[in-house]
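User: I am new to this structure and would like to learn how to read it step by step. Could you take me through it?

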Amino acid sequence: MSSSGIRASVSSEPSLAETGLVGGVFQIALRDIATLFRTPWIIISRSLAFVIQLFVFATLISKLVVLPSFFQYYAIGSVVGTIASISFIIGYDIFEEAEEGVLDYLLTLPVTRRQFIIGRALGGAVRAMIYIIPMFAIVAVLERFANPLTLAAAILDLFLLAFGITGLSITVAVSVRSANRFDVVLALLELAVSRASTALYPIAFMPSYVAAIAPFSPVSLAADSARAALTSVSLDITGLAGLIAFVVVFLGLGAAFYFRKLEGGVYA
Amino acid sequence: MSRTSSLRLVPLIVERDIRILFSDTFLVGIMFTNFAIDLFVTAVTFGNLIPPTTGIPSYFLYIAPGSNFITAAVAAFQSGRDVWREKYIKDLTSYLLSLPAPRPVLAASRIAGGVARSLIATFPGTLVISYLYGVLFDPRVFAAYLIVGLFSLGIVGLSITIAAFASSIEVFVTIRSGVQLYLSFLSTLFYTVETFRLQAPALVPFVSSNPMTWAVEAFRELRVAHDILPPIAVLVAPSLAFAALGMASYLWYSRL
């Protein structure tokens with residue numbers, strides 16, 4: 001998904017070095033946001049998947065399940081699952097850039113390595129948020145979530161999840177060398193963190209071998225915390241703390257791995 | 001070239017497609033892992049969530065074949081992806097047309113190769129579902145593979161048709177996602193036709209004409225039916241029609 005079309009927008013910023021740490025990070029993040037919107041096919045297919053899951057699957061299945069408010073449960077979970085899925089895309093971008101030689105160009109930009117790495121992670125998270133907001137709005141309207149504080153708390157959960165998944169995706173992108181393997185590892189990871197989580201179904205109904213690990217999935221932490229905010233108007237401190245820990249660990253790992261690869265690894 | 005000798009090339013072309021599948025055994029393993037997650041995580045959980053009072057005695061068994069057909073669809077769509085890559089990425093079309101096989105034989109062999117790959121990818125899954133359905137040690141296990149094969153035949157034909165007309169890999173992937181959504185959510189994979197009739201009657205024609213509906217219903221019949229030919233027969237005509245469409249598209253697409 002990397003695009004040479006982005007070059008113009010970044011290279012036409014002569015003041016990049018002068019804008020300081022925040023400016024450099026902002027420019028790199030902006031490039032990643034532009035990259036996502038330059039490839040509308042991904043947005044179309046994932047939006048279609050969300051709409052069908054919500055309006056067909058969730059509507060019909062909620063008439064069958066034993067839980068009285070399963071549609072609401074599933075609707076919030078599908079937003080969380082979708083943002084996790086979108087956040088993984090940054091890994092594909094980074095892998096392709098290395099393969100196509102765009103990374104060499106990016107490294108010549110007048111930004112420090114630290115700005116570059118933080119900018120990539122931030123860009124991945126922010127674009128996932130931009131993408132998910134209309135879906136979140138649909139769910140909020142359908143379920144009549146109108147309290148600004150609880151909406152803000154849920155958005156914070158989504159952002160933390162997006163930020164952490166971006167770090168995880170970057171870690172995988174710079175750790176796996178084969179393109180085919182990278183594709184399947186990321187797809188499997190995406191499936192595992194979403195399915196073995198409380199995003200789409202409650203832990204009480206999971207088989208014991210999944211119920212044992214599901215509480216530790218970052219998708220579970222975000223889904224439970226967002227549900228607590230939206231439906232119980234309460235703050236899930238444990239969930240938030242878990243999400244922050246996830247962000248710190250994987251952003252740190254992603255940054256460390258990426259930095260190592262840039263400075264003498266396979267991409268050097 | 002005589003008709004007999006050109007037909008001898010069919011297994012070689014099929015073998016080539018199978019070798020491409022196994023060029024990365026990791027991919028085959030991942031397909032089975034996806035199936036296992038679908039079945040032993042999602043299907044088991046929904047099985048616990050949906051009680052028999054809904055009219056479905058065991059929801060887990062109801063949706064179990066769907067996990068395998070989703071894997072079959074993924075493997076079958078890989079054929080279209082390969083055909084697209086051969087033309088636009090690997091530049092192999094000219095080489096393939098230079099093989100001593102008439103073009104209709106080449107096209108039919110590619111489709112047969114896709115079906116063989118799909119059957120291989122779903123082989124363990126079909127065994128697992130056959131075991132769950134109690135037909136593993138019964139001649140009906142062959143019918144189970146026949147149903148998966150016929151379903152794959154249709155999807156391979158469809159995927160090659162999409163590959164023939166897709167101008168970029170993004171277009172191919174997007175159409176594939178759309179078709180997979182249609183196969184999964186607008187079929188009787190998760191819910192009965194009756195559920196659609198009651199909740200969304202406008203969708204019933206789409207559900208009734210969905211190849212996934214025909215395939216899962218045929219598979220479900222294996223548990224109870226003694227005469228398994230009628231449910232399988234439903235799949236034959238549409239699968240052959242999609243395969244013919246795929247063949248025609250491949251011939252059109254590979255013209256020089």
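User: In which helix of chain A does Leu253(A) lie?

Analyst: This is a predicted model, in which local features need pLDDT of at least 70 and side-chain atom pairs count only at pLDDT 80 or more, while totals for chains, interfaces and linings use all residues. Residues are numbered from 1 along each chain as its sequence is written, and chains are lettered from A and ligands numbered from 1 in the order in which they are written. Helices are DSSP runs of H or I with at least four residues, numbered from the N terminus, and Leu253(A) belongs to helix α12 (residues 237-262) of chain A.

User: Why does Leu253(A) count as partly exposed, and which residues does Leu253(A) touch?

Analyst: A residue is buried if 20 or more other C-beta atoms, placed from the backbone, lie within 10 Å of its own, exposed if 12 or fewer, and partly exposed in between. Leu253(A) is partly exposed because it has 16 C-beta neighbours inside 10 Å. Contact means C-beta atoms, placed from the backbone, within 7 Å; leaving aside residues up to four places away in sequence, Leu253(A) touches Gly167(A) and Thr171(A). The C-alpha atoms of Leu253(A) and Thr171(A) are separated by 6.4 Å, although the two residues are 82 apart along the chain.

User: How many residues does each chain give to the contact?

Analyst: Chain A gives 30 residues and chain B gives 31 residues. On the side of chain B that touches chain A, α2 (25-49), α7 (169-185) and α8 (193-199) each supply at least two residues, and the largest share, 13 residues, comes from α2(B).

User: How do α3(A) and α7(B) pack?

Analyst: Two packed helices are described by the angle between their axes and the distance between the axes. Here axes are lines fitted to C-alpha atoms over the stretch in contact, with angles from 0 to 180 degrees between N-to-C directions. Helix α3 (residues 40-61) of chain A and α7(B) pack at about 5°, with their axes 9 Å apart. Angles under 35 degrees count as roughly parallel, so α3(A) and α7(B) are roughly parallel to each other. Among the residues that meet are Trp41(A) and Phe57(A) in α3(A), and Glu170(B) and Phe185(B) in α7(B).

User: What are the lowest and highest confidence regions in chain B?

Analyst: The predictor's confidence in each residue, pLDDT, runs from 0 to 100. In chain B, confidence is lowest in helix α4 (residues 93-97), at a mean of 80, and highest in helix α6 (residues 140-165), at 94. The mean pLDDT of chain B is 88.

Methods:
Two residues are in contact if their C-beta atoms, placed from the backbone, lie within 7 Å. Angles under 35 degrees count as roughly parallel, over 145 as roughly antiparallel, 65 to 115 as roughly perpendicular and the rest as oblique.
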